[in-house]
Amino acid sequence: SELKAILLDHAGQHFSFGASVEDHLPERVGEMLPEFHALVRETLALDLPTLAAVRGQCLGGGLEVALLADRIVAAPGARFGQPEINLAVFAPVASLLLPHRVGTQTATDLLLSGRSIEAAEAADLGLVAEIAHDPFAAARRWAEEHLLSKSAAALRFATRAARLHWSARFLADLERVERLYLDELMETQDAVEGIRAFLESRQAEWTNR
């Protein structure tokens, strides 16, 4: 009840490359995706101001986790992207949250191209709130300056209120986009081909089906 913020950090030089490609195989994705989405729901249900400190690569499911943060602080060399389309799949959480964070046109660009962007461009787009050589220290300093003097109860209600315009729809759509992924996308030949081609280090041969 006294917790006033969550600061997402990471070990090593990269925030996250996302879920392992092996976990996207048809025999494993039916377990992995619902578990990942459960983490998303649990994090949002805390109604706590959330910050993320990002260094290095922040890709795929890693960026989807970072998108849960109300404030992202990134190192100058950080890179952000949703490369799932290159494997003939898509990013369910990012498909719903990126338009909210950067607008529909930019979100569609990132989701359909699979390109990654540097921290400076991410800041220009509004995805990153601050660039700092030590993003963890900068994020913690911001929380100490702006949050820790506040009532924990008030912060929870204010966070919930600030998310009201999108959170209910997001949670409803997350179930729909999960079913789209598992029941329809994973029935296509290309989704399986893209994942297996990556694991086998070869060029994918698309059938467009």
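The largest cavity holds about 40 Å³ of space, a cavity being a set of points on a 1 Å grid over the protein atoms alone where a 1.4 Å probe fits but cannot get out. By this rule, one cavity of 30 Å³ or more turns up. Keep in mind that this is a predicted model, where local features need pLDDT of at least 70 and side-chain atom pairs count only at pLDDT 80 or more, while totals for chains, interfaces and linings use all residues. Residues are numbered from 1 along each chain as its sequence is written, and side-chain values use heavy atoms, with hydrogens and water left out.

Who lines the largest cavity? Leu 63, Phe 80, Gly 81, Gln 82, Leu 98, Leu 110, Ile 117 and Leu 127 do, each with an atom within 4 Å of a point. By class, that makes six nonpolar, two polar and no charged residues; Gly counts as polar here.

Now look at helix 1 (residues 26-45) and helix 7 (residues 152-184), whose axes are 11 Å apart and pack at about 175 degrees. The two are therefore roughly antiparallel, the word for angles over 145 degrees.

Finally, find Ala 204 in the segment after helix 8 (189-199). Ala 204 is buried, at 17% relative accessible area, where buried means under 20% with a 1.4 Å probe and protein chains only. Leaving aside neighbours within four places in sequence, Ala 204 touches Glu 193, Gly 194 and Ala 197.

Conventions
Axes fitted to C-alpha atoms, helices over the stretch in contact; angles between N-to-C directions. Helix = DSSP H or I, 4+ residues; strand = E, 2+ residues; numbered from the N terminus. Parallel < 35°, antiparallel > 145°, perpendicular 65-115°, else oblique. Buried < 20%, exposed > 50% of the residue type's maximum accessible area, 1.4 Å probe, protein only. Contact = heavy atoms within 4.5 Å. 1 Å grid on protein atoms, 1.4 Å probe; cavity = no way out; pocket = protein on both sides within 12 Å on 5 of 7 lines; lining within 4 Å. Points joined across faces, edges and corners; volume = space filled by probe spheres on them.
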